[in-house]
Structure formats: C-alpha cells, structure tokens
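Reader: I have a model open and I'd like to learn how to read it. Could you walk me through it?

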Amino acid sequence: MKKNLFTLLSALAIVSLALAACATPAPVAPTAMPAKAFRIGLVTDVGKVDDKSFNQSAWEGAQCGAKETGGTTKYIETTDPKDYDKNIAQFGDEGYDVIVTVGFALGEATIKNAAKYTKAKFIGVDQFQEKPTAGVGGLIFPEDQAGFQAGVVAAMMSKTGQIGAVLGTDVVPPVYRFGEGYRAGAVWAKKDTKVNIIYHNDVGFDKTFTDPEWGKTTALSMMDKGADVIFGAGGKTGNGALLGVAQSKKGFAIGVDTDQYLTVPEAKEVLLTSAMKLIVPGTCDLIKAVKAGSFKDGNVVGKVGLAPFHDTESKVTAETKAKLDEAQKGLAAGTLKTNVAPVKPAK
Amino acid sequence: MAAQTSTAGDRLRSILRVADLGRFGMIILLIIVLMGVVALVGAKENRVEVILASFLATLFSVATPLTLGALSGIYCERAGVVNIAIEGMMLGSAFFGFIASIYLKQAGLSDQMSLWLGVAAAILTGALFALLHAVLSITFKVDQIISGTVINILAIGITGYLNRQLFFQGNVPHAPGVLPVIHIPFLADLPVFGKIFQQQPVAVAAVLLVAITHFVLFYTPWGLHTRAVGEHPKAADTVGINVYFVRYANVLIGGMIAGLGGAYFTLESVPSFEPLMTNGRGFISLAAMIFGNWSPFGAWAATLLFGAAQAMQINLQYYSTSIPEGLDFLKKSQIVGMIPYILTMFALTGIVGRTTPPVADGQPYEK
Amino acid sequence: MSSSPESHSGSKLIQIWQAITRTVLIPVLAVFTALIINAIIIRVSGGDPILAYLGLWEGAFGSPKAISETLVWSTPYIFAGLSVALAFKGGLFNIGAEGQLSFGALISAWIGFALPKLLGTSLPWIIHLPLALFGGILAGALWGAIPGWLKARTGGHEVINTIMMNYIAVLLTSFLLNGPLKDPNPFNVIARTPEIAESARLTPLIEGFRVHWGIVIALLIAFAVWWFLWKTTLGFEIRTVGANPDAAKYAGINVSRIIVLTMSLAGGLAGMAGAVEVIALNYRQELGFSIGYGFDAIAIALLGRSHPLGVVLAAILFGAMRSGATRMQFLTQIPVDIISVVQALILLLVAAEEIVRFIYRIKAPKETVVLTRGWGG
C-alpha cells in the first residue's frame with residue numbers, strides 16, 4: 001500500500017513532466033481562433049482587477065467593450081512595475097486588437113510598446129499624452145472638476161462650516177486632483193468653509209488604498225471635531241470613510257469614482273452624491289471606437305460629474321442645487337477654473 | 001506593626017511587579033506627551049476637551065485589534081511557543097468570519113444572528129490556524145518562526161484567492177452590517193467624553209480580556225502551569241504538568257483571541273473584507289507584546305501607545321495649518337508615521353525597562 | 001554531518017544518501033507535493049490546473065525570452081535569499097531584507113543620478129558604476145547593522161527591529177521619492193527618481209533580452225558566500241555563533257561582534273539586490289518597486305536550506321513562478337494569489353519535512369538542523 005502510493009505519485013510526476021515537455025509548443029497554436037475575433041487585453045497597474053477602484057473600473061470597461069463589439073477580453077495583473085513591458089507584450093505577441101493599460105504609471109511602457117506592436121491600439125487609462133503617439137489614446141479625466149462639484153455640495157450642505165476629506169495618497173495624481181478640486185469648490189461656494197484633508201501617507205504605497213479601518217477611524221475623528229460632510233476618495237480606504245459616516249449616523253458622506261450608492265450600499269442613508277470619474281463608459285467607448293475605426297491618437301477627455309442624490313435628495317437644499325448648477329455651468333463653459341495643479345507640486 | 005507593614009509592602013510590591021505597573025505608567029506618560037502635542041497644536045481650532053475626546057476615541061479603536069493580537073501572542077509565548085503568525089491568523093479570521101456572516105444572512109438568519117455567528121466563525125478560524133501552528137511546532141517540532149511564516153503566507157494567498165473567486169464579477173456580497181454599539185451605563189452619558197464609552201463588543205471584550213488574561217496568568221493554577229511550561233518545561237514535566245497539553249491549549253486560546261481580533265476588521269469596524277486588510281497590524285501587535293514585556297497590562301499600554309501614535313498622525317494632518325513655524329516635519333505624514341516604529345525600537349533598547357522573554361520561548365520540548 | 005574517519009565505507013554511503021535526501025530529495029518532493037495539492041485547490045475552485053501549470057511552465061521556460069524574464073526575477077531573489085540564509089547561519093532571523101533592499105536601491109539610485117550633478121562633471125563608468133553598486137550595498141548593510149548592533153548591545157530582538165526598520169524604510173522611501181528625490185521633469189507624474197547616468201548602468205547580458213549582468217554577479221556572490229561561510233575563519237565563527245552562542249563564547253569568539261557583522265553582511269546582500277535592480281534593470285527607483293521580495297526571500301532561504309546552492313535553485317524556482325504567472329494568468333485568468341498558496345505549501349512541506357517523509361516513507365535521520373531560535377538567541 002505504502003509502496004503503491006509512492007509508485008503512483010512517481011508515475012504522476014513522470015506523466016506530468018512528460019505532458020509539460022510535449023505540450024510546450026502546443027498552447028501557442030490554439031490561440032489562432034477560427035474567425036478573426038476582436039480581442040481586448042487589459043494590463044493592470046500593481047494591483048488587482050477587483051480593487052473596487054480604477055483597475056476594476058477599467059476592467060469593467062473592457063468587458064463592456066467586449067460585449068458591445070462582440071469580442072473577447074482578458075486581463076493580466078501586474079505584481080511588480082518591472083513586469084509592465086512583459087505583461088503588455090503578452091497581449092502584443094498574441095496579436096490583440098486593443099490593449100488597455102491602466103494607471104499613470106504605465107504611461108511610458110505603453111508608449112514604448114505602441115511603437116513595437118503597431119497593429120494593436122492602446123488605451124492608456126489616466127495617461128496624459130504630452131504629444132500624440134501613433135496607436136495610443138490617453139483616457140484622462142479632469143478629476144479636479146468632479147472634486148470641485150463635490151466640494152460645492154459639501155460646503156453648501158455643511159451646517160458647521162467644516163468639511164473633511166479622507167483620501168488615499170497624494171502620490172497618485174488623480175487622488176490629489178480630487179482632493180484639491182474639492183477644497184477649491186468648497187471655498188468657491190462658501191468662502192469661510194474650513195476644509196481638512198487627510199491622506200493615508202503613513203503606510204506603504206501598496207497599502208494606502210486598502211485600509212477601510214483607517215478610513216473609518218479617520219472620518220470619525222474628523223466628525224468629532226465638527227466636520228459634518230466627509231469626502232472619501234481612495235479605493236477601499238475611502239469606502240471606509242463612507243462607512244464611518246454611515247455608522248455615526250450624523251452628517252453626510254460623498255463617494256468617488258462611481259456612483260457609490262450602488263457599490264457601498266451600507267452608506268445609502270448618508271451618501272449625498274459621488275464625484276464620478278466615468279472610467280467604465282470612457283474605456284468602453286474607446287474600444288468601440290477602435291472597432292468602428294474612429295479611434296484617434298492623443299488625449300481623450302473622459303466624463304466626470306456628480307452622481308444623483310438618491311435617498312438624500314429631499315435633504316439637499318434648493319440653495320445647494322442652485323449653487324451646484326452655477327458651478328456646473330461655469331465649469332462647462334470654461335468661465336470657472338479650479339486652478340488645481342495636475343500633480344502635487346514637489347515643494 | 002512594623003513587620004506587618006513591611007509584609008504588606010512586599011505583597012504590594014510583588015503585585016506591582018507582576019502587573020508591571022512601572023512599564024504601564026511609563027507608556028501612559030508617553031501617550032500623554034503625544035496627546036499634549038496634538039492638544040497644543042489644535043488648541044487654536046477646537047476646544048481642548050473635544051480634541052482629547054476625539055484623540056482617545058481614535059486611540060481605542062486603533063488599539064482594539066492590536067490588543068487582541070498582543071494577547072494572542074502572550075498566551076502562546078508564555079507557554080513557550082513563539083507566534084509570529086498573528087497577522088495571518090487575523091487576516092484569515094477576518095475573511096472567514098465575514099464569509100460566514102454573509103452566507104448565514106443569505107440562509108435567512110437575522111443580521112444580528114449572522115453577525116454573532118460570524119464572530120464565532122472567526123474565532124474558530126483563528127483556532128484552526130492555531131491548531132496548524134501547534135501541530136507543526138509542538139508535535140512536528142518545526143521551527144516556530146518558520147511555522148508562523150508559513151501561516152502568514154498561506155493566509156494571504158488563500159484569502160486573496162478565495163475573495164476573488166467568490167466576490168468578483170458583479171457578485172457583490174450583502175453583508176449584515178456591523179456589531180451593535182454597547183452603551184456602558186453612566187459613563188456613556190458623559191458630555192464630550194461619553195462616546196469613548198460607547199463601544200462595540202469586540203472592543204469591550206479586548207479590554208476585559210486584558211484583565212482576564214492578567215488574572216489567569218498570575219492568579220490561577222492554569223496560569224502557573226502555563227508560565228512554568230514557558231520558563232522551564234523540564235521542571236514542569238517532572239512535577240507532573242503535561243507540557244504538550246498546556247502548550248497546545250494555550251496556542252489554541254491564542255488563536256481564538258487572534259480570531260476575535262480578525263472579527264474586529266470585518267464584523268465590527270467595517271462590513272467588508274479586502275485582501276491584505278490587516279495591513280501589518282499583526283506584526284505591530286507582536287512588537288506591542290514585546291514592548292509590554294509579555295505582560296497583559298504592559299502590552300495593552302503598548303497597543304494604546306500605537307493607537308496614540310496613529311491618532312497623532314491623523315490629528316496633525318487635520319490641524320496641519322496650525323502647526324507652528326519650525327516644526328514643519330510634523331506636517332510630513334510619512335515622517336510622523338515613523339514615530340511608533342522608532343519608539344518601539346527605543347523601547348526595545350531597555351529605556352522602558354529591559355524586556356525578557358519567557359526562558360523556553362521558541363524551543364520545542366523534547367521529553 | 002561530518003563523518004568520523006573510523007566509519008567504514010558502508011555507513012559513509014548511508015550518510016551521503018541521507019545528506020542527499022535531506023538537501024535534494026525532500027525539497028524536490030515538497031515542491032512536487034505542493035503542486036499536486038495546489039492543483040486540487042485550482043480544480044475545486046473551478047480552474048483548469050493542467051492549463052495553469054502549462055502556462056506557468058511556458059511563461060517561465062518556454063522560450064529564450066521567458067527564460068530571460070525568469071532570470072530577471074531570480075536575480076534579486078538570489079541576493080535577498082542569500083541575505084536571509086546568511087543570517088540564519090549566524091542564528092539570526094532577518095525579516096528586514098525588504099527594507100534593506102529598498103534603502104539600498106534608493107541610495108544606489110541617488111548616487112547614479114545625483115553624484116555627477118553634485119560633482120559638476122560626468123564620471124567614467126569604471127568609477128561611477130562601482131560607486132553606485134557599493135553605495136547600495138553599504139546602505140543595506142547600515143540598515144542591517146542597526147538591528148544587529150541593537151541586538152548585540154541591548155538584546156532587542158532582531159525580528160522586531162528589522163520589521164520596524166522595514167516600516168521606516170517604506171516611509172522614508174515614500175517621503176523621498178515623492179519629495180526631495182522626485183524626478184523634477186514637469187511631465188513626470190510618478191513618485192520616482194530621475195534616471196541614473198549612463199556611466200552607472202550595467203549593460204544587458206545578451207542584446208535584445210532583459211537579462212543582465214546582475215545574474216552573473218548573483219551567482220558569483222552565491223559562490224563567495226559559500227566560500228566565506230565554509231572556508232574562512234570568520235565564516236566558521238558565524239556558523240559557530242549560529243549553532244551555539246554559549247559554546248562560541250567559551251571558545252573565545254566575540255559573539256557581539258559576530259552578530260553585528262552577520263547582520264551587516266545580510267543587510268549588504270539585500271542592499272545589493274536593490275542596487276542591482278537599479279543599476280542593471282530599472283535605471284531608477286520607483287515607488288511600488290520591491291513589494292514583497294523580503295518575504296519571498298525568507299521562503300527561498302528556508303527552501304534552499306540556507307545553503308547558497310540551495311538558495312540559487314530556490315530563487316530560480318520562485319523567479320520562475322512569479323515570472324510564469326503572467327502567462328498562466330493570460331491562459332486561465334486565475335488570480336495570481338495562487339502563487340502565494342503554492343509558495344506557502346512548499347514552505348510548509350519543507351519546514352515540516354516529517355509530512356513529506358510520511359507520505360513517501362523516507363527514514364528520518366537523528367539530528368536536526370537548527371534554523372532559528374525564537375527570541376532567546
């Protein structure tokens with residue numbers, strides 16, 4: 001019996017080794033699909049496609065694109081920046097039609113590989129293009145404008161004149177723009193509003209967006225001191241802030257990225273709105289454009305805006321709505337500027 | 001008469017020694033200093049009592065999982081088994097406790113019921129991880145630090161993998177919420193400071209467990225056996241204590257407490273699980289345990305100090321515009337964030353009193 | 001393990017056989033068993049283990065490019081694994097490789113980009129390159145020496161102190177990369193240093209592939225560590241302190257000095273891992289780089305039984321898994337976390353070799369190797 005087990009396992013080992021040896025060249029072949037399917041590949045930044053943040057939104061956008069174009073989609077999650085090239089090449093070598101790279105950190109790798117894989121179109125989410133590169137569309141968002149509108153609502157709704165924001169880290173430019181836009185909007189709406197912004201800079205880069213417990217504690221700490229509207233922006237850390245407000249049952253919360261009424265249902269009662277950055281439709285539309293042949297190189301400005309008020313609709317004052325309307329019109333017309341730097345100034 | 005006072009004095013001194021009040025006092029002093037810095041900076045913007053109340057509230061909520069982690073370590077290590085797997089145990093229990101609460105809710109149980117059973121599941125998960133640790137390190141005599149490392153890596157891999165497989169692609173779980181707040185009578189009704197006494201069950205349990213652990217370790221036969229096994233297993237064996245049993249039992253108790261700590265994350269603090277959400281707090285608990293010299297009150301004080309450091313970090317950002325000229329480093333959250341780690345290193349140098357691990361800590365026992 | 005001269009050839013053969021089973025057979029069987037268990041986990045959770053492993057294999061060794069990428073991943077693993085292994089030999093547990101590595105990389109990058117500007121002149125590579133490399137090594141050594149010194153002087157345990165030093169390194173790096181050392185290029189949005197000067201760069205080993213001279217240096221260093229530990233007096237002293245500090249004290253070895261030395265060397269090796277990543281691969285340091293090398297390094301050192309050759313093999317295995325994971329995920333869309341599960345299983349089976357011995361009925365030798373000694377050492 002004992003001997004048998006050993007023999008069995010040895011046999012298994014040999015078989016699996018043999019399999020591995022024989023089959024090595026094989027898997028390349030089946031990728032040649034019957035008809036020419038429209039294929040979309042997505043490479044995440046260091047992070048996961050289920051991060052409830054930009055990687056996930058982009059992945060949902062890719063799935064939407066696949067559905068709309070009748071194509072297929074796959075993702076690769078990056079575990080280390082040194083793999084950016086390799087992961088993009090994985091799709092490039094397979095002859096994918098669209099390669100979505102997510103996050104500003106992949107900007108250079110995207111441009112470099114666009115030169116190499118000229119057949120593919122690249123969609124760089126959050127990647128500002130200094131100058132147009134053949135085959136690369138940079139999907140960028142004026143997060144400061146979304147933050148600005150959130151700030152207007154927050155300032156108008158605050159009874160104490162104090163509002164707060166619990167953010168991921170200002171190392172990430174979109175987060176910085178959300179935060180500073182929020183500050184600018186609040187001060188624009190009501191000059192004396194006191195805006196406190198707290199970043200989760202005190203942990204490693206990999207942990208700053210994944211700490212809901214900290215987000216909650218921080219939001220509660222702000223509310224203790226009189227802040228009554230909290231903007232939570234920074235993946236799960238920000239979600240923690242929304243949950244903190246929900247549990248305290250006083251004041252209001254404002255979400256980020258998507259309509260968080262849907263993604264953080266526990267905070268429904270206190271959630272005023274969300275500063276949306278519509279990565280999903282933005283990515284999806286660009287993929288459709290590739291399929292339709294209307295894809296253009298260079299920057300594409302995605303939509304930002306505020307989510308509906310939902311359950312708190314009745315509590316939002318007419319004054320607030322009027323001021324928000326004014327802000328939205330001004331921002332759209334370009335007469336109102338947020339004056340937020342694209343990146344946190346070094347000094 | 002004189003003899004009597006001296007014996008009473010001796011007794012008091014010996015009680016103080018086991019309670020490690022000197023260390024406790026030193027650490028509390030440090031906390032007061034941190035609190036003072038914040039109060040001074042923030043005094044321009046808020047009333048001092050508001051600042052202090054808010055500071056303490058943050059401090060206690062940060063300290064809760066750390067306290068449970070440290071107590072978990074104390075049970076294991078007092079019995080002679082090093083436990084660096086607290087991080088993995090907490091992460092694993094946070095996940096499985098959360099999962100249990102979701103599925104129980106789906107199965108039709110009330111929110112409250114699913115939450116409480118979720119806590120039980122978290123404790124059970126902690127116990128299972130602890131059992132693995134015990135089997136490896138006590139029975140197989142695997143190096144205890146290695147066994148702990150295995151559990152840490154395993155917990156990260158399994159929770160990350162399962163979390164993806166279960167909750168991705170539109171499969172958003174409907175969590176039953178969080179554990180209810182307990183209003184501690186009278187104290188919870190105090191003005192301003194009242195809310196410090198409005199705590200959720202795990203936080204309350206953490207504080208109670210500090211006192212219980214202290215009592216168990218120093219005033220019960222079980223505690224005596226535990227310490228004997230941790231200090232001198234051979235001698236304990238000769239007087240008839242079953243070394244293996246005592247070690248197994250304490251490691252399991254430790255695992256259960258770490259499991260309760262895990263429950264804090266997903267069932268008490270926020271109703272969601274995120275991969276890696278314990279964010280190194282298990283290692284901080286370990287540091288707190290050593291900082292507190294393996295004594296429950298000392299370790300508790302140390303976790304409060306970590307809580308205070310976190311509270312300071314949050315508050316200094318909040319009051320960043322009021323930070324006086326010349327103290328600009330207090331505005332750099334990364335620099336302020338280093339304070340607890342530097343403090344720990346200082347503490348280990350013996351400034352707060354030398355730390356001495358149980359003598360047989362980390363050594364497998366061979367008959 | 002040493003055989004007495006009296007023992008006849010038969011028992012010597014048995015000893016050699018035991019040595020082989022310990023150092024080779026058990027780890028190989030552990031890896032194999034872990035892969036089987038892992039396959040079951042993948043299968044049960046709805047994945048296709050055969051396709052996953054094929055992808056892993058193909059991604060790691062399926063083409064010259066794949067092999068090159070595997071070696072790129074293995075290089076820092078070898079250095080960091082040697083760092084942990086060397087500390088184990090001296091009876092110390094270096095959880096701090098992570099921090100030593102990132103601090104080493106930071107200093108190396110700084111020397112690489114800032115030194116020519118500071119001196120106002122470009123440097124010849126023969127000076128600049130070694131400076132950048134040794135700067136990183138020294139920085140890592142310093143980061144390791146602090147916990148070593150604290151341990152020798154005050155008894156503060158290196159496990160806690162190295163963990164604390166990791167956190168401090170993370171925060172310091174994050175502060176510097178997003179502040180004083182950030183690439184000032186107005187279009188730069190990433191928290192990273194400027195690129196290092198050409199004169200501080202190591203060239204690729206083969207044109208067209210990313211594998212670089214670092215792998216050669218790593219192998220040389222692995223040999224040097226072996227030679228140092230087993231062929232020099234200092235190495236002997238380190239091993240003696242690791243095996244039994246009390247005996248070492250009686251033998252007249254300055255234990256405190258050896259502890260500081262061991263931790264400095266371990267730190268230096270980890271620092272070298274960071275430095276080589278900067279000068280040979282990334283040409284800069286970027287935030288987010290170095291996530292988890294230090295912890296993987298512990299597993300590598302354990303799997304390699306703290307022997308330099310074992311470390312090299314284990315590092316190549318781990319490098320292959322990390323590198324091949326891309327292809328695996330491309331083919332199967334399985335979360336990469338599964339790699340952590342395999343690693344934990346391998347480590348578990350190597351650590352608890354009784355399990356492996358039990359499954360495959362291999363007799364156990366009497367003696368056991370002490371790797372760490374809890375807090376007590």
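This is a predicted model: local features need pLDDT of at least 70, side-chain atom pairs count only at pLDDT 80 or more; totals for chains, interfaces and linings use all residues.

Reader: In what order do the strands of the open sheet in chain A run?

Author: Two strands pair if DSSP finds at least two bridges between them, and helices (H or I, at least four residues) and strands (E, at least two) are DSSP runs, numbered from the N terminus. Here six strands of chain A make an open sheet in the order 2-1-3-4-5-11, with parallel pairing. Strand 2 (72–78) and strand 11 (298–301) of chain A are the edges, each pairing on one side only.

Reader: How many bridges join strand 1 and strand 3 of chain A?

Author: Four, between residues 39–46 and residues 98–102 of chain A. Leu42(A) sits opposite Val100(A) of strand 3.

Reader: Which strands does helix 4 of chain A touch?

Author: Contact means C-beta atoms, placed from the backbone, within 7 Å. Angles run from 0 to 180 degrees between N-to-C directions, with axes as lines fitted to C-alpha atoms, for helices over the stretch in contact. Helix 4 (residues 107–116) of chain A packs on the sheet, touching strands 3, 4 and 5 of chain A, and its direction makes about 175° with that of strand 4.

Reader: How is chain A divided into domains?

Author: Bounds come from an automatic or database domain assignment. Chain A has domain 1 (32–140) and domain 2 (143–276 + 317–333), with C-alpha centres 30 Å apart. Seven residues from domain 1 of chain A and ten from domain 2 of chain A make the contact.

Reader: What radius of gyration does chain B have?

Author: The radius is taken over C-alpha atoms, and the globule rule is 2.2 Å times the number of residues to the power 0.38. For 367 residues a compact globule would have a value near 21 Å, and chain B agrees with 22 Å. Its C-alpha trace spans about 70 × 65 × 40 Å along the principal axes. Chain B holds 13 helices and two strands.

Reader: And how many residues of chain C contact chain B?

Author: 36 residues of chain C are in contact with 40 residues of chain B. Among the helices of chain C that each supply at least two residues to that side are helix 5 (125–154) and helix 6 (158–177).

Note on methods:
Residues are numbered from 1 along each chain as its sequence is written. Chains are lettered from A and ligands numbered from 1 in the order in which they are written. Two residues are in contact if their C-beta atoms, placed from the backbone, lie within 7 Å.
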